[in-house]
Amino acid sequence: MKIGVPKEIKNNENRVGMTPAGVFELVKNGHTVYVQSTAGEGSGFFDDDYLQVGAIILDTIEGVYLKSDMIVKVKEPVDQEYNLIQENQLVFTYFHFASSETLTKAMITSKAICIAYETVEDADGTLPLLTPMSEVAGRMAIQQGAKYLEKPIKGRGVLLGGVPGVPPGRVLILGAGTVGIQAAKMAAGLGAHVTILDINMKRLRHVNDIMPSHVVTEFSNEYNIRRHIKTHDLIVGGVLIPGAKAPSLITRDMLKEMHPGTVIVDVAVDQGGCIETTKATTHENPTYIIDDVVHYCVANMPGAVPYTSTVALTNVTLPYVLKLANMGWEKACQTDKSLQKGLNIVKGTIVYEGIAEAFGWEVSCS
Ligand SMILES: NC(=O)c1ccc[n+]([C@@H]2O[C@H](COP(=O)([O-])OP(=O)(O)OC[C@H]3O[C@@H](n4cnc5c(N)ncnc54)[C@H](O)[C@@H]3O)[C@@H](O)[C@H]2O)c1
């Protein structure tokens, strides 16, 4: 199969859909891989690295789309790419269709086969192509939180690990899922005192089993949240109710109960955030302050660490890319039920429930 890897053109997106390791595997399996010149640079992979493992470097994005049977990328196509996508071309990337009617209509018109990373789903309901980004964001939440706790950037002036004779900082984590556990691990590693809340007792039991004793689990309810926000320096929002907006666990009135300079990192911002005062920010301007509380609400946190994020993402996408290339999309989706769940739009027809629903369209999914 001919596989194309275009350079991402979405603002500030430095990840790339395939590393040289991925090209190596595909070429070994007899496929041809076209990589757009400088596509990997933002993630630290240069044209020479791709050439050495057998890729063909093309100068233009038009060339990559024109020559390829399958496009492998990271972000949803942007409007400059809509007309480059061809009938029967397979596009494997994050799409998040429900959040863009324009993109959905464009992909229906293109008659391409759209397999979305975010809906590939394992039998136990986990989303294997989303997990690595939550792992990155959870770990980053503590790195960013520790930085914004510094006084010159309006934080409380607390060092998370403390020093001999001074107690460590206190980190409150809402949600003990992928984001929450990775954040707890990082905060505990720095020596901070960690309190982690969830409504799922299985998760809390798991955290209690695997974490050191300075990571304390508690049930998530308003009483406990109101109590803990008064004594914690850094608050991480990592809750998720699948398919729904995140619940506002910290309301505006609660900010006044916090110490001035408390930092909130609301990772759940992409689902509306679990703090009432959350509004999405960017890496250029990541924070704002309300009632002396620093809010960090960057919606694409992994974008700040493109090397780690690209490798983490492509580690999990490559087995599917290989399967699609070796078997073709129809056979690959028939034999792999997880991958089948990734099918969103096939040759002009929506096949994933939820997309039509999101726009109130009356379309029956086949
Ligand atoms: N900002 C970013 O760059 C970025 C990156 C990756 C993920 N995310 C987002 O982070 C969020 C968390 O993702 P995840 O992979 O950890 O999800 P997850 O499903 O693994 O974990 C979510 C946890 O929230 C818990 N929860 C639900 N309601 C709760 C409540 N009222 N109180 C406490 N806990 C509650 C669930 O029981 C679950 O354990 C999602 O919204 C995800 O989209 C954001």
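This is a predicted model: local features need pLDDT of at least 70, side-chain atom pairs count only at pLDDT 80 or more; totals for chains, interfaces and linings use all residues.

Reader: Where is Asp-291, and what's its phi?

Author: Asp-291 is in the loop between strand S12 (287-290) and S13. Its phi is positive too, near 50 degrees, and Asp-291 is not a glycine either. Asp-291 has 14 other C-beta atoms within 10 Å, so it counts as partly exposed.

Reader: Let's zoom out. How many helices and strands does the protein chain have?

Author: The secondary structure comes to 13 helices and 15 strands.

Reader: What about the radius of gyration, against a compact globule?

Author: The protein chain has 22 Å; a compact globule with 366 residues would be near 21 Å, so the two agree. Its C-alpha atoms fill a box of roughly 65 × 50 × 35 Å along the principal axes.

Reader: What percentage of the residues count as buried?

Author: 44% of the 366 residues do. As for contacts with a separation of 6 or more, 64% of them are between residues 24 or more positions apart.

Reader: Now the sheets. What's the strand order in the open sheet of seven strands?

Author: The order is S9-S8-S7-S10-S11-S13-S12, and the pairing is mixed. Strand S9 (215-219) and S12 are the edge strands, each pairing on one side only. On average, neighbouring strands of this sheet are turned by 20 degrees against each other, direction ignored.

Reader: What does H7 touch when it packs on that sheet?

Author: H7 touches S7, S8, S9 and S10, and its direction makes about 170 degrees with that of S8. Then there's helix H8 (residues 201-210), which lies across S8 and S9 and runs at about 165 degrees to S9.

Reader: Take me to S11. Which way do its residues point?

Author: Val-263 and Val-265 point one way from strand S11 (residues 263-266), while Ile-264 and Asp-266 point the other way. All of them are buried, Asp-266 included.

Reader: And which strands does S11 pair with?

Author: One is strand S10 (residues 234-237), in the parallel sense over four bridges. Another is strand S13 (residues 293-296), also parallel, with three bridges. Val-265 is the bridge partner of Val-236 and is partnered in S13 by Tyr-296. Val-263 has Val-294 as its bridge partner in S13.

Reader: What about the ligand: which residues are closest to it?

Author: The closest are Ser-134, Gly-175, Gly-177, Val-179 and Ser-220, out of 32 residues that surround the ligand. Helix H6 (131-148), helix H7 (178-190) and strand S8 (193-198) each supply at least two residues of that shell.

Reader: How does the shell divide into nonpolar, polar and charged?

Author: It has 19 nonpolar residues, 10 polar and three charged.

Reader: Last one: what's the order in the sheet of eight strands?

Author: That open sheet runs S3-S2-S1-S4-S5-S6-S14-S15, with mixed pairing. Strand S3 (56-58) and strand S15 (349-350) are at its edges with a single partner strand each, so one side of each has no neighbour in the sheet. Strand S1 (residues 2-5) and strand S2 (residues 32-36) pair in the parallel sense over four bridges, and Lys-2 has Thr-32 as its bridge partner in S2.

Methods:
Residues are numbered from 1 along each chain as its sequence is written. A residue is near a molecule or strand if its C-beta atom, placed from the backbone, lies within 6 Å of it. Ala, Val, Leu, Ile, Met, Phe, Trp, Tyr, Cys and Pro count as nonpolar, Asp, Glu, Lys and Arg as charged, and the others, Gly among them, as polar. A residue is buried if 20 or more other C-beta atoms lie within 10 Å of its own, exposed if 12 or fewer, and partly exposed in between; C-beta atoms are placed from the backbone. Two strands pair if DSSP finds at least two bridges between them. Axes are lines fitted to C-alpha atoms, for helices over the stretch in contact, and angles run from 0 to 180 degrees between N-to-C directions. Two residues are in contact if their C-beta atoms, placed from the backbone, lie within 7 Å. The radius of gyration is taken over C-alpha atoms; the globule rule is 2.2 Å times the number of residues to the power 0.38.
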